[in-house]
Amino acid sequence: MLEILIKSDSLDVTNKIGKLIGEEAFEGEVITLSGDLGAGKTTLTKEIGKTLGIKEDINSPTFNILKCYFHKNGLDLYHIDAYRLEDVPRENKNIGLEEVIEGEGLAVIEWPVYINEFLNFEESLNITITINKDTNVRLFKLETYNDKKFTNLFNKLHNEFDK
Ligand SMILES: Nc1ncnc2c1ncn2[C@@H]1O[C@H](COP(=O)(O)OP(=O)(O)OP(=O)(O)O)[C@@H](O)[C@H]1O
Ligand SMILES: [Mg+2]
């Protein structure tokens, strides 16, 4: 298992994390992003997309649940925000998410807890953001059981953030 904790007290730190993730992204990768409203999940996704070379502005897909950014010269980005699936019965949830998640691009999923049944947390990079409301400092916990696919990323993260 690979794990790192990173304290983010500014957008710069969050963007650096996003940049490293974007640089090391691979076909079929899945990233889950957990954390409160306003924690920084979409903010991180924006920087990942930018690093992939996606020119469109990536915004919160809350009202769409899924947004695909197709990309000729790089990985496609599938941005899922499952927040609005909270109260949706299981049999109505399969709106093609599974096919997208298993696609060849990079799937980034906010509020994965609401689509647990479509996810394999053993394979994905799982990120949890906790925010200290008094200090506005965010703690990013990145973890994965998929050591093989994420070794390079974690090496880079440790080099950058373990001081
Ligand atoms: N260190 C930081 N890292 C990330 N975001 C930060 C940081 N400091 C301030 N912010 C601000 O916090 C807000 C995070 O909002 P964002 O939309 O990314 O949250 P979210 O986790 O996607 O929320 P939601 O669950 O509603 O989708 C942004 O306005 C961002 O500018
Ligand atoms: Mg969001």
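Modeller: A residue counts as buried if 20 or more other C-beta atoms lie within 10 Å of its own, as exposed if 12 or fewer do, and as partly exposed in between. Please keep in mind that this is a predicted model.

Biologist: Is lysine 149 buried, exposed or partly exposed?

Modeller: Lysine 149 is partly exposed, because it has 16 C-beta neighbours inside 10 Å. The residue belongs to helix 5.

Biologist: How far apart are lysine 149 and glutamate 29 in sequence and in space?

Modeller: In sequence, 120 residues separate lysine 149 from glutamate 29, while their C-alpha atoms are 8.8 Å apart in space.

Biologist: Staying with helix 5, where is the kink centred?

Modeller: The kink in helix 5, which covers residues 147-161, is centred on leucine 153 and amounts to about 30°. Leu153 is also one of the buried residues of this helix, together with Phe150 and Leu157.

Biologist: What do the buried residues of helix 5 pack against?

Modeller: They pack against strand 1 (2-8), helix 1 (11-23), strand 6 (125-132) and strand 7 (137-144).

Biologist: Turning to helix 1, which of its residues are buried?

Modeller: The buried residues of helix 1 are Thr14, Ile17, Gly18, Leu20, Ile21 and Gly22. Their packing partners are strand 1, helix 2, strand 7 and helix 5.

Biologist: And how many residues does helix 1 have?

Modeller: Helix 1 has 13 residues, and the distance from its first C-alpha to its last is 18 Å, close to the 18 Å expected at 1.5 Å a residue.

Biologist: Now the ligand. Which residues come nearest to ligand 1?

Modeller: Among the 16 residues around ligand 1, the nearest are Thr14, Gly40, Lys41, Thr42 and Thr43. The elements contributing two or more residues to this shell are helix 1 and helix 2 (41-52).

Biologist: What about phi at tryptophan 111?

Modeller: Tryptophan 111 is not a glycine either, yet its phi is positive, at about 55°. The residue is found in the loop between strand 5 (106-110) and strand 6. Tryptophan 111 counts as buried because it has 21 C-beta neighbours inside 10 Å.

Biologist: Finally, the overall fold. How many helices and strands are there?

Modeller: The protein chain contains 5 helices and 7 strands. Read from the N terminus, their order is β-α-β-α-β-β-α-α-β-β-β-α.

Biologist: What is the radius of gyration of the protein chain?

Modeller: The radius of gyration is 15 Å, which agrees with the value near 15 Å for a compact globule with 163 residues. Along the principal axes, the C-alpha trace spans about 45 × 40 × 30 Å. Buried residues make up 37% of the 163 residues. Of the contacts with a separation of 6 or more, 65% join residues 24 or more positions apart.

Technical notes. Residues numbered from 1 in each chain as written. Chains lettered and ligands numbered in written order. Predicted model: local features only at pLDDT ≥ 70, side-chain atom pairs only at ≥ 80, totals over all residues. Bend = angle between axes of the 7 residues up to and from the residue. Helix = DSSP H or I, 4+ residues; strand = E, 2+ residues; numbered from the N terminus. Contact = placed C-beta atoms within 7 Å. Near = placed C-beta within 6 Å. Expected span 1.5 Å × (residues − 1). Rg over C-alpha atoms; globule rule 2.2 N^0.38 Å.
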